[in-house]
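Good morning, colleagues. Please bring up the sequence and the structure, and I shall then take you through a few selected features.

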Amino acid sequence: MDGVINLLKPPGMTSHDCVDAVRRILRTRRVGHTGTLDPGAAGVLVLCVGSATRLSEFLMESDKSYRVELALGVSTHTGDAYGEVVERREPERDCARIRPVLESFVGRIQQLPPMVSAVHHEGRRLYELAREGVEVPRTPREVTVYELRVLRCEPPRVLFDITCSKGTYVRQLCHDVGEKLGCGAHAAFMVRTRVGAYTLEESVTLEELEEEVAAGRLDRVLTPGAEALPGVPDVEVTGTLRAAIVNGQAVPLWKVAPHLQVPPSSLVKVLDEDGRLLALGRAEGGKLRPLKVFRPPASS
């Protein structure tokens with residue numbers, strides 16, 4: 001039971017709630033997510049199961065896409081509809097002004113993590129401090145908004161799609177848009193439509209997952225580790241090369257993939273003769289160096 005599940009998280013559940021639910025359905029503790037999704041938001045939550053939990057740090061690097069409804073004129077303490085209203089102002093109603101302000105956030109931007117985020121401060125999560133009414137200084141972080149497209153502008157509501165780098169807080173972006181417009185704003189509704197190669201259209205609900213497991217069809221919803229990073233090239237190793245890899249030894253790249261052309265320091269998936277994920281390696285200095293080995297030496 002090793003692989004990745006593209007789960008459709010419902011609104012109202014935390015990411016950890018979803019992890020616990022999947023643990024119960026699969027009857028295993030080895031389940032983890034690859035980046036939280038706000039409790040009030042719905043959409044793609046990528047979960048790793050079994051040995052694939054060791055892939056989570058690589059899946060976390062993926063860019064993400066969201067569909068968001070922006071509510072102008074109302075600011076909340078969380079930046080979304082689930083927070084307490086802290087201020088009401090007359091909303092901006094001129095779409096000719098709203099659109100360029102939204103589009104001004106495309107590119108590399110500095111973003112202050114919200115107090116209700118999972119960022120650590122002196123060993124504690126910011127949201128834990130926020131629940132106690134404590135606010136602490138935070139350092140802005142650079143994130144990237146690759147694309148922001150307004151789909152419908154009907155003030156005080158604006159619907160838009162956004163694609164951004166990991167670490168981007170869309171709720172905070174909505175708040176910042178409201179401040180730049182001078183009227184305040186929050187994310188009234190948010191759906192994560194994509195995480196890397198995992199899309200909303202291909203996601204499964206908890207109910208669907210439970211049905212597939214009960215029918216013995218887990219393979220329909222569990223992506224094998226070998227297919228979990230579709231943008232990463234793969235090579236197959238056997239014999240002495242396989243033994244070297246599972247023992248954590250670097251091997252000459254030309255021996256395992258003489259025709260593989262990859263940029264320096266690129267990730268490479270190492271597969272065994274059955275197409276199973278043997279290891280993740282990095283191409284460096286003409287060698288393939290194992291980073292994470294998924295099959296123990298005893299199985300070789």
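Let me begin with a question: does Ser266 count as buried or exposed, and at what relative accessibility? Ser266 counts as buried, at 15% relative accessibility; buried means under 20% relative accessible area, exposed over 50%, and partly exposed in between, with a 1.4 Å probe and protein chains only. This is a predicted model, in which local features need pLDDT of at least 70 and side-chain atom pairs count only at pLDDT 80 or more, while totals for chains, interfaces and linings use all residues. Residues are numbered from 1 along each chain as its sequence is written, and side-chain values use heavy atoms, with hydrogens and water left out.

To stay with Ser266: it lies in strand β16, residues 266–271. Helices (H or I, at least four residues) and strands (E, at least two) are DSSP runs, numbered from the N terminus. Leaving aside neighbours within four places in sequence, Ser266 is in contact with Gly281, Arg282 and Ala283, where contact means heavy atoms within 4.5 Å. Ser266 and Pro233 are 33 residues apart in sequence, and their C-alpha atoms are 9.0 Å apart in space.

Now the overall picture. The protein chain has 8 helices and 18 strands. Of its 300 residues, 50% count as buried. Its C-alpha atoms fill a box of roughly 70 × 45 × 40 Å, taken along the principal axes. Among contacts with a separation of 6 or more, 67% come from residues 24 or more positions apart.

I turn next to helix α5, residues 170–181. Its 12 residues reach 17 Å from first C-alpha to last, close to the 16 Å expected at 1.5 Å a residue; the expected span is 1.5 Å times one less than the number of residues. Among the buried residues of α5 are Val170, Leu173, Val177 and Leu181. The cover over the buried residues of α5 includes β4, α3, β7, β10, β11 and β12. Just after α5, Gly182 takes a positive phi of about 85°.

How do α3 and α5 meet? Their axes come within 10 Å and cross at roughly 130°; axes are lines fitted to C-alpha atoms, for helices over the stretch in contact, and angles run from 0 to 180 degrees between N-to-C directions. The two helices are therefore oblique to each other. Angles under 35 degrees count as roughly parallel, over 145 as roughly antiparallel, 65 to 115 as roughly perpendicular and the rest as oblique. Arg97, Ile98, Val101 and Leu102 of α3 make the contact with Val177, Lys180 and Leu181 of α5.

A second pair is α1 (residues 15–26) and α6 (residues 206–214), which pack at an angle of about 15° with axes 10 Å apart. That makes α1 roughly parallel to α6. Ala21, Val22, Ile25 and Leu26 in α1 meet Leu206, Leu209, Glu210 and Val213 in α6.

Finally, two backbone features. Most residues other than glycine have a negative phi, and most peptide bonds are trans. Arg27, although not a glycine, has a positive phi of about 60°. Arg27 sits in the loop between α1 and β2 and is exposed, with a relative accessible area of 78%. A cis peptide bond, with omega about 15°, joins Pro155 and Pro156; Pro156 is placed in the loop between β10 and β11. Thank you for your attention.
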